[in-house]
Amino acid sequence: MSVTDSRPGDAAAPEPLLRIEALGKRFGGLVALDNVTIRLQPGEFRAVIGPNGAGKSTLFNTLTGLHRPDLGRVFLSGTDVTGRTPHALARLGVGRTFQITSVFAALTSLENVQIALLAHSGRSWNVLASARSIQVTRARGLLDLVGLRDREDQLAGTLAHGDQKRLELAIALATEPKLLLLDEPTAGMAARERLESIALVHRIAREVGLTVIFTEHDMAVVFAVASAITVLHQGRVLAEGLPEEVRANPVVHDVYLGETTSDDAAGQERA
Amino acid sequence: MSRTTLGLWSVAALLFLVAPLGLGAFWQFIAIEALVFALYAMSFNLLLGYGGMLSFGHAAYFGLGAYGVGILMAKLSAPFWLALLAAPVVAAVGAAAVGYFSVRLTGIYFAMLTFAFQMLFFTVALKATVLTGGDDGIVGLTRPGVLVDPAVYYLFVLFITALAIGLLYRMVNSPFGQTLRAIRENARRVQHLGVHTRAHCWLTFVIAGAFAGLAGGLFALSTGSVFPGWLDWTASATPIVMVVLGGLRVFTGPIAGAFVFIGLETVISGHTEYWPLFMGVIIIALVLLLPGGILGTRSGRVGH
């Protein structure tokens, strides 16, 4: 579908938005990340794929500050951000969504987005203003963007699964991230809904000039939107390149894409 | 605020202002106790209902406020006003120290740590006899001027608690309060929005401690005494019961819980020495019949 703006790892490219250098992380005896180096240029829509246990979640959790890497560095627009806390990284422009949908269930859709706006504008410490009236227009605009404008008064916990995913996207967008990490954005959706959902994210990312890195099990989704693909296997980068290159890579085929059909079927059973 | 709510509040305000004045000194004392415990329960609900933090040691801050007043007045001859002002400050300082360590933990571990710190304060109150009077506590605290009259002191306490509850209302509906609710729902999500959630919880803990301290100070000045039992672990259960009884997801729930609890306790303990048994049975029945609390079922998600 779409092609990259610049090839990953291109020597002539400017300073990448995200530069991961030789990242290593182990949990006890398990090596979760082993010498992972990834460069992400502004505007990319990068997929990170790999079998379960390949290190995708560890990579995401390390990039967003939940884990501190044992080895290696992470640079955001040239600034070393290795080992920063989740809230510090969020303030530097790293947004994320979660594999398990993470909305504020007992609050309305509008309040969900408002909280993100408050956090982003540094107003979460204000104890005297009234929260209800803060940035309502902007919050509604974001709900509009993801198609939830008519659900603003509904408690987030009562929304349909797909709508919760979209609300989570609106929450993430409210903090105006430079880099957005989507951990399995279509998990738990029916096959058709998955493509619609990722197309929405893709369109919005284009509109607001967002750089995205996402993990995904459904290869149809990956090949529909990814500008480039990084394949992780046993904590290492097995391959990286344009979608067609990765698709044609025999090694990738052996360890991963070969099992796509069965994985896809499993995914559809779940959904 | 709708016209009905405004009407209800006006009636309630009038009732609070006038009703106890017609009663004798005993019921005025009970009314003061109910007000003080309403504030105490509300400060606790800031932690539990809004922040999702179940503290097992909230009595520590009620006690710190009370002992702050007692020690300042009885041992250091401080004037009434200074002592009363010091109550929330002393409690806030204690809560800041305890909270600094406690908010690093969540769930049962948070509960246990707050509980342990409370036992520490209790032991100090019991053993530092020179300052605290040990087991005998501190007695003979007096109020100045017209405040000696229980009816006047009732109005004074009503004014202070109304002011404090107004502040709390402002706070829970502020961006700070809204963020606190979000932390209760999903702390990790809030973290990734750029909020230092631990600092947020810490400040909440300090504020809750300060209001509990104010309640403790007001109560010490009502009874004229302070006892170590106020700091005991059973005293930490009281606000938990009041909040659950009244409704922890409704802003005014703890007020209802405190009034019902104090009312029942007073009436039943006047009739039988087995009053805790009857209290227990009634509370169990209320919790089973009204799982959202006395105000919870009616008001739905007012305080969500």
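**Loop between S4(A) and S5(A), showing Ser77(A).** Ser77(A) lies in the loop that joins strand S4 (71–76) to strand S5 (79–80) of chain A, where helices (H or I, at least four residues) and strands (E, at least two) are DSSP runs numbered from the N terminus. The model is predicted, so local features need pLDDT of at least 70 and side-chain atom pairs count only at pLDDT 80 or more, whereas totals for chains, interfaces and linings use all residues. Residues are numbered from 1 along each chain as its sequence is written, while chains are lettered from A and ligands numbered from 1 in the order in which they are written. Although Ser77(A) is not a glycine, its phi is positive, at about 50°. With 15 other C-beta atoms within 10 Å, Ser77(A) is partly exposed; a residue is buried if 20 or more other C-beta atoms, placed from the backbone, lie within 10 Å of its own, exposed if 12 or fewer, and partly exposed in between.

**Loop between S7(A) and H6(A), showing Glu184(A).** Glu184(A) is found in the loop between strand S7 (179–183) and helix H6 (191–208) of chain A. Glu184(A) has a positive phi of about 45° and is not a glycine. Glu184(A) is buried, having 21 other C-beta atoms within 10 Å. For the chain around this view, 47% of the 271 residues of chain A count as buried, and chain A contains 10 helices and 10 strands.

**Strand S2(A) at Asn35(A).** Asn35(A) belongs to strand S2 (residues 30–40) of chain A and counts as partly exposed, with 14 C-beta neighbours inside 10 Å. Setting aside residues up to four places away in sequence, Asn35(A) touches Ala22(A), Gly24(A) and Arg236(A), two residues being in contact if their C-beta atoms, placed from the backbone, lie within 7 Å. The C-alpha atoms of Asn35(A) and Thr175(A), which are 140 residues apart along the chain, are separated by 31 Å. Among contacts in chain A between residues at least 6 apart in sequence, 69% join residues at least 24 apart.

**Packing of H3(A) on H5(A).** The axes of H3(A) and helix H5 (residues 161–174) of chain A come within 8 Å and cross at roughly 20°; axes are lines fitted to C-alpha atoms, for helices over the stretch in contact, and angles run from 0 to 180 degrees between N-to-C directions. This makes H3(A) roughly parallel to H5(A), given that angles under 35 degrees count as roughly parallel, over 145 as roughly antiparallel, 65 to 115 as roughly perpendicular and the rest as oblique. The crossing of H3(A) past H5(A) is right-handed, a term used if the near helix is turned clockwise from the far one by less than a right angle, and left-handed if anticlockwise. Ser109(A), Asn112(A), Val113(A), Ala116(A), Leu117(A) and His120(A) of H3(A) make the contact with Leu167(A), Ala170(A), Ile171(A) and Ala174(A) of H5(A). By class, the residues of this contact divide into seven nonpolar, three polar and no charged, where Ala, Val, Leu, Ile, Met, Phe, Trp, Tyr, Cys and Pro count as nonpolar, Asp, Glu, Lys and Arg as charged, and the others, Gly among them, as polar.

**Packing of H8(B) on H9(B).** Helix H8 (residues 175–191) and helix H9 (residues 197–223) of chain B have axes that come within 10 Å and cross at roughly 155°, and H8(B) and H9(B) are therefore roughly antiparallel to each other. H8(B) passes H9(B) in a left-handed crossing. From H8(B) the contact takes Thr179(B), Leu180(B), Ile183(B), Ala187(B), Val190(B) and Gln191(B), and from H9(B) it takes Thr197(B), His200(B), Cys201(B) and Thr204(B). These comprise five nonpolar, five polar and no charged residues.

**Packing of H10(B) on H11(B).** Helix H10 (residues 233–246) and helix H11 (residues 253–269) of chain B pack at an angle of about 115°, with their axes 7 Å apart, and H10(B) and H11(B) are therefore roughly perpendicular to each other. H10(B) passes H11(B) in a right-handed crossing. By class, the contact of H10(B) with H11(B) has 10 nonpolar, three polar and no charged residues.

**Helix H5(B) and its cover.** The 21 residues of helix H5 (residues 107–127) of chain B should span 30 Å at 1.5 Å a residue, and its end C-alpha atoms are 31 Å apart, which agrees; the expected span is 1.5 Å times one less than the number of residues. The buried residues of H5(B) are Phe110(B), Leu113(B), Thr114(B), Phe117(B), Gln118(B), Phe121(B), Phe122(B) and Ala125(B). Their cover includes helix H3 (59–75), helix H4 (80–102), helix H6 (129–132) and H10 of chain B.
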